[in-house]
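I opened this model to look up its charged pairs and its chain contact. My entries follow in the order I made them.

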Protein chains: 2
Amino acid sequence: MVQLTIKDFIVKDIRFPTSLEKHGSDAMHPDGDYSCAYVILNTEDPKLTGHGLTFTIGKGTEVVVKAVESLMDLVIGVKVNDIINDFASFWRKLSSHSQMRWIGPEKGVIHLALAAVINALWDLWAKMEGKPLWKLIVDMEPEKLVSTIDFRYISDVLTKEEAIEMLKSKRSTVKDREKEIIDKGYPAYTTSIGWIGYDDETRRGLCRDALKQGYKSFKAKVGDSIENDKHRLTLIREEIGYENKLMVDANQVWEVNEAIDWMKQLANFNLLWIEEPTSPDDVVGHASVAKALKPLDIGVATGEQCHNRVIFKQLLQLGAISFCQLDSCRLGGLNEVMAVALMAAKFNIPVCPHAGGVGLCEYVRHICFWDYISVSGSFENRMTEYVDHLHEHFEDPAKCKDGRYVVPKVPGYLVGMKPESMRKYQFPDGEYWQSRRK
Amino acid sequence: MVQLTIKDFIVKDIRFPTSLEKHGSDAMHPDGDYSCAYVILNTEDPKLTGHGLTFTIGKGTEVVVKAVESLMDLVIGVKVNDIINDFASFWRKLSSHSQMRWIGPEKGVIHLALAAVINALWDLWAKMEGKPLWKLIVDMEPEKLVSTIDFRYISDVLTKEEAIEMLKSKRSTVKDREKEIIDKGYPAYTTSIGWIGYDDETRRGLCRDALKQGYKSFKAKVGDSIENDKHRLTLIREEIGYENKLMVDANQVWEVNEAIDWMKQLANFNLLWIEEPTSPDDVVGHASVAKALKPLDIGVATGEQCHNRVIFKQLLQLGAISFCQLDSCRLGGLNEVMAVALMAAKFNIPVCPHAGGVGLCEYVRHICFWDYISVSGSFENRMTEYVDHLHEHFEDPAKCKDGRYVVPKVPGYLVGMKPESMRKYQFPDGEYWQSRRK
């Protein structure tokens, strides 16, 4: 393999004005401008660059950008092979820097920034190997893959040795599942029908479009008022019928007991899961909600704001979730994502990654392909979120066909954004934002 | 009351080179440079300014400074009376801003930044009333005090009404305890003897000094190696005897099971608590450690990196802590500190605030006075950390006499730093840091 060094980097604050049309609106985030902190790592070879991003929703992106700049002091000048030869140690060097860990640790701004940098390194590694990311990790020997994971604070539920054994046990049938995925793709569900700010006709139209596109699973936002929720869910069930799956998402607006009471009133809509019923930090609260809703056959799902493997460990230990919605850049990049997916597999909880936003669909396709081929070997209760927004800005956008994610073949983690989109939407000096200020 | 507006602000990155002499060294943070993001809020009245800070340990402070700048967009131009007339709403406006909450929520950089801003507002309020902060909140009617607290996500264990009742039940005897605290101060323990990087003679000398100063409780760092821990604890027990209290602090270096095994080997040193045995996010893990160490009479303590009231709620619900070490600026300022103290009181768990660092002793004296006078009414198992470093930089430094915190009488929250210290240690352009670069 070529010997490369991380020579320098670029970090950008990119914001799309999604709040104007209420795309992405929910009870907690009525006016998000879907955004990202976008990182490019440069090496000696102008064709071998690493692209990574962290999804944000507008104001605050500038703080994540600042954190990326601080982290990059630890990355510039490092040889890429030294990183990938002992990726877990490098990950810990960044995630647990003896001074910077104080402003986390492993959470919030500094962990979001870490994800952009770490995922950019995975992008670079995949490009060096000439493989899409999912293929890189599917082909990787279990020992090598597990060597990228830091098991600190999770060894009481999953050891390095167990993780290797889990991957080895699926090894002989990997080729069959890889072929299956390439042929048929991975099941997706759509959230595009469900944003809180849409009017009825827009929503009905979106339901019909999604059905035509082959979707069988749908998610809607709830939590603004019980009347509005019933109205929205009635309308959606009228359009999609009861033969399709319907999930709901409260985006953390409820107290623990309120979540239970509220969901009891929505139970007759036959809902597969309630997502983010309360604070993402409240493992015990989620366990209470899960217990109360079990008799109604409503599962609890959460993860997009669960900040690290320690939170997921506890959600699994307490039986607080039936669906694990890990996030590709809320967690500290792919290394930690794989740790969480392996823990979920041990507890037999399906991984249904969070997506949408900016670049999340582009990331998670790799994760769900690997999860199916190398870890779970099952589609049961497994599906990955898909939202049909902002893909036009990506060089190799995520695609769904017949309601299933399509396998990409281009090398990399594939969140590379088109240069013209970056120029236009860079905040605050891109062409779009300049014209808004006039 | 005068009508004031927050007209503008100053935020500074101040760093002290504590790593040079190993002050503050522990198994996880061997080389911290004790630092802070320091905020000054200016009003129309040059005598009425609000000073707040958030403690950090070097690199990363620049990211917190950036977050303060972003938060201040929501504070500049606001009338101070509008804030203090409905402080809970203002707190939520900042802690749950619909775009910025994504980069938390309520954790890490953005929450540390919030604390500096919120505590600066309390400083300003106390100055407007001409009272030290502790006296402002001791005098405040229960309904008014509780109106400053956001009960989101904790109402399943503590409601607003219960909090008011708890405060009211102590109201008739407040004056007695206030007099007692003014006369005798509040019990402190010292960590100055315990840093991991000190040599034996330094440590023995510090133990003797602390005994002479009247301390009866001592804390030492553990976790670098079991041999070193035994050596340090033997030496300390030789100096302080077994009639004084000794606590230990692992600063998160252990796995859950490792913490249990390790502490069993140190049990014969008769230790009151093990602090931060593992990840601060691991509520379930702390509960396991607490259960395993209960037969050995070792309590579990944590809090300095527990990022919000939701984590403390769960630690209390699961019986995971015997001592609640809330942090005055890890939590989102005094409003959230009071929420946690009230929850701890409901569970009958003593609050022993984390201090040391930069400005933490200056903050926590107010918190422990209020906790004793208005909430707990008891000294049982209650004591507040004191570390004898860096106080020379403060205008109204925390003081201990005969091993007890002394009550200050100057108006404010009293973390105001001397202008010459700020000039010298501002990073990277202060005189000290410029001279280091030469």
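I began with B:Asp139, which forms a salt bridge with B:Lys131, the closest N and O atoms being 2.8 Å apart. For a salt bridge I required a side-chain nitrogen of Lys or Arg within 4 Å of a carboxyl oxygen of Asp or Glu. B:Asp139 is partly exposed at 24% relative accessible area, and B:Lys131 is partly exposed at 24%. (Buried is under 20% relative accessible area, exposed over 50%, partly exposed in between, with a 1.4 Å probe and protein chains only.)

Ground rules: this is a predicted model, where local features need pLDDT of at least 70 and side-chain atom pairs pLDDT 80 or more, while totals for chains, interfaces and linings use all residues. Residues are numbered from 1 along each chain as its sequence is written, chains are lettered from A and ligands numbered from 1 in the order written, and side-chain values use heavy atoms, without hydrogens and water.

Next I checked B:Glu178, which forms a salt bridge with B:Lys135 at 2.8 Å between the closest N and O atoms. B:Glu178 sits in helix 8 (residues 174-184) and B:Lys135 in helix 5 (residues 133-139) of chain B, 43 residues apart. I take helices (H or I, at least four residues) and strands (E, at least two) as DSSP runs, numbered from the N terminus. B:Glu178 is buried at 7%, and B:Lys135 is buried at 18%.

In chain A I found a network of salt bridges linking A:Lys131, A:Lys135, A:Asp139, A:Lys175 and A:Glu178. The whole structure holds 52 salt bridges over all chains.

Which side chain does A:Lys107 meet in a salt bridge? The partner is B:Asp281, at 3.0 Å, N to O. A:Lys107 lies in the loop between helix 3 (87-95) and helix 4 (108-129) of chain A, and B:Asp281 in the loop between strand 7 (273-275) and helix 12 of chain B, so the pair joins two chains. A:Lys107 is buried at 0%, and B:Asp281 is buried at 2%.

Then I turned to the interface. Chain B and chain A share 6 salt bridges. One of them pairs B:Asp73 with A:Lys59 (2.5 Å, N to O).
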